[in-house]
Amino acid sequence: MSIRLEDRYATSFFTPAELAAMEREVKEADRLLREGKGPGSDFLGWITLPKDYDKEEFARIKTAAKKIQKKAQALIVIGIGGSYLGARAVIEYLKSNNYNSLKKDTPDIYFAGNVISADAVKELFELIEGKDVCVNVISKSGTTTEPAVAFRIFRDYLEQKYGEAEAKERIFVTTDRARGTLKQFSTEKGYETFVVPDDVGGRFSVLSAVGLLPIAVAGIDIDELMSGAASASEQFTNPDLSKNDCYRYAAIRNLLYRKGKTLEVLASYEPFTAMFSEWWKQLYGESEGKDQKGIFPASVIFSTDLHSLGQFIQDGTRNLFETVLDIEDTGTKFTIPADAANVDGLNFLSGMDMNKVKKTAMEGTILAHVDGGVPNLVVKISERNAFVLGELLYFFELSCAISGYLLGVNPFNQPGVESYKKNMFALLGKPGYEDLRATLEARLKK
Ligand code: PA5
């Protein structure tokens with residue numbers, strides 16, 4: 001198995017009987033999920049997506065990716081939350097967190113519409129200057145403010161630069177199959193469109209066109225990614241905790257939560273996982289943080305953050321546990337050079353592969369943090385490639401769903417996200433929000 005859970009650094013924080021007692025709850029969570037009887041069961045399409053996807057659309061994604069690669073030196077991916085995090089996570093994980101700066105024969109990929117910042121837009125215009133550009137706008141609802149504003153800006157830019165007919169060839173839209181203003185507008189304009197499946201929520205959509213088109217543009221083998229996810233969908237079906245690492249992860253994190261560990265730190269030793277951690281944080285944070293419940297998901301990159309948050313993890317408030325991503329073979333080696341003068345006294349490292357030093361740092365850190373009262377779970381990832389990443393994405397999606405049911409929430413909705421939107425619309429003067437506007441302005445004393 002390419003993805004395995006090592007729990008021996010967490011087992012001193014609970015008893016075998018406590019974990020065994022979770023088994024019954026996990027079986028029930030599994031039943032609810034597999035039979036579609038739990039809350040949010042309209043959004044279970046991601047379970048079978050790695051196998052039951054639209055093959056005709058998949059072929060179109062590959063053709064569109066080739067077209068974008070041919071036409072553009074820069075692709076602007078417009079979307080927020082689940083509409084961009086998965087693609088960005090996969091591209092950076094498999095290519096690099098410095099993807100745009102690499103020497104490569106695929107376009108640069110910029111992400112827009114995930115922030116409300118004049119500076120970010122202005123900077124993006126500078127970055128794409130002199131480059132041929134395509135746009136992939138991704139919004140299931142089609143009405144989310146941040147991407148809608150960015151799409152206005154970059155659609156206008158493309159139309160000014162190339163004229164309407166050529167702009168049409170450079171705009172690719174990923175949205176609802178039939179509903180919504182973006183779908184309607186795309187049909188009117190004649191843009192090529194891809195589908196966010198009805199039964200797949202944003203944060204579970206990386207293996208749909210939402211993630212796959214930008215990922216394919218970056219030159220990543222999307223067949224391998226899907227095969228990996230399909231393989232994981234077969235591996236992690238047995239509700240027996242001793243046979244299912246994915247479910248055991250869900251069970252242990254809930255057990256730790258019930259013992260007061262309300263914050264989970266996802267730790268990795270590779271910078272290329274930074275955006276993967278952002279994807280993971282959204283997946284767990286938006287799925288579980290509701291009804292005044294949930295584990296707050298945080299992330300660190302070690303050893304960088306051992307020199308910033310390391311102090312807190314070792315010694316601060318004892319309400320946290322860590323989940324460590326251990327990528328056993330990244331495919332790269334680098335030998336630490338010798339220094340005849342041994343100025344830094346580090347010649348005991350001369351000739352050593354940097355991976356060995358990293359692994360040792362990881363082992364030492366895990367033991368130190370366990371000694372400091374922080375349970376550590378280790379997710380072992382055999383290799384860094386598209387197949388294994390597909391498995392990993394599915395591992396976390398499935399464990400998140402099971403974990404949400406163990407917690408007693410609907411993991412597939414996000415009612416809390418609406419609150420800021422309502423207030424923002426009211427304060428910006430959107431018609432229909434007049435009463436709320438008056439109340440909010442009084443509170444802000446405008
Ligand atoms: O996970 C989710 O459902 C959200 O993060 C959405 O993806 C995000 O709010 C963007 O929504 P939309 O794709 O409708 O613009």
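Colleague: How far apart are N and O in the salt bridge of K27 and E23?

Modeller: This is a predicted model, in which local features need pLDDT of at least 70 and side-chain atom pairs count only at pLDDT 80 or more, while totals for chains, interfaces and linings use all residues. Residues are numbered from 1 along each chain as its sequence is written, and side-chain values use heavy atoms, with hydrogens and water left out. A salt bridge is a side-chain nitrogen of Lys or Arg within 4 Å of a carboxyl oxygen of Asp or Glu. For K27 and E23, the N to O distance is 3.7 Å.

Colleague: In which helix do K27 and E23 both lie?

Modeller: Helices (H or I, at least four residues) and strands (E, at least two) are DSSP runs, numbered from the N terminus. K27 and E23 are four residues apart, about one turn of the helix, and both belong to helix 1 (residues 16-34).

Colleague: Is E23 buried or exposed?

Modeller: Buried means under 20% relative accessible area, exposed over 50%, and partly exposed in between (1.4 Å probe, protein chains only). K27, at 41%, is partly exposed. Because its relative accessibility is 19%, E23 counts as buried.

Colleague: Which residues are linked in a network of salt bridges with R31 and E35?

Modeller: E35 and R31 form a salt bridge with their closest N and O atoms 3.0 Å apart. E35 is partly exposed at 44%, and R31 is partly exposed at 32%. The network that holds R31 and E35 also links E28 and K37.

Colleague: How many residues apart in sequence are the parts that E270 and K358 tie together?

Modeller: The side chains of E270 and K358 meet in a salt bridge of 2.6 Å, N to O. E270 lies in the loop between strand 7 (263-268) and helix 12 (274-288), and K358 in helix 14 (residues 354-371), so the pair ties together parts whose separation in sequence is 88 residues.

Colleague: Which residues are the closest to the centre of the second largest pocket?

Modeller: On a 1 Å grid over the protein atoms alone, a pocket is an open set of points with protein on both sides within 12 Å along at least five of seven lines, and lining residues have an atom within 4 Å of a point. The second largest pocket holds about 570 Å³ of space, a volume being the space filled by probe spheres set on the points, which are joined across faces, edges and corners. Of its 30 lining residues, the closest to the centre are F111, A112, N114, A120 and L124.

Terms used: 1 Å grid on protein atoms, 1.4 Å probe; cavity = no way out; pocket = protein on both sides within 12 Å on 5 of 7 lines; lining within 4 Å.
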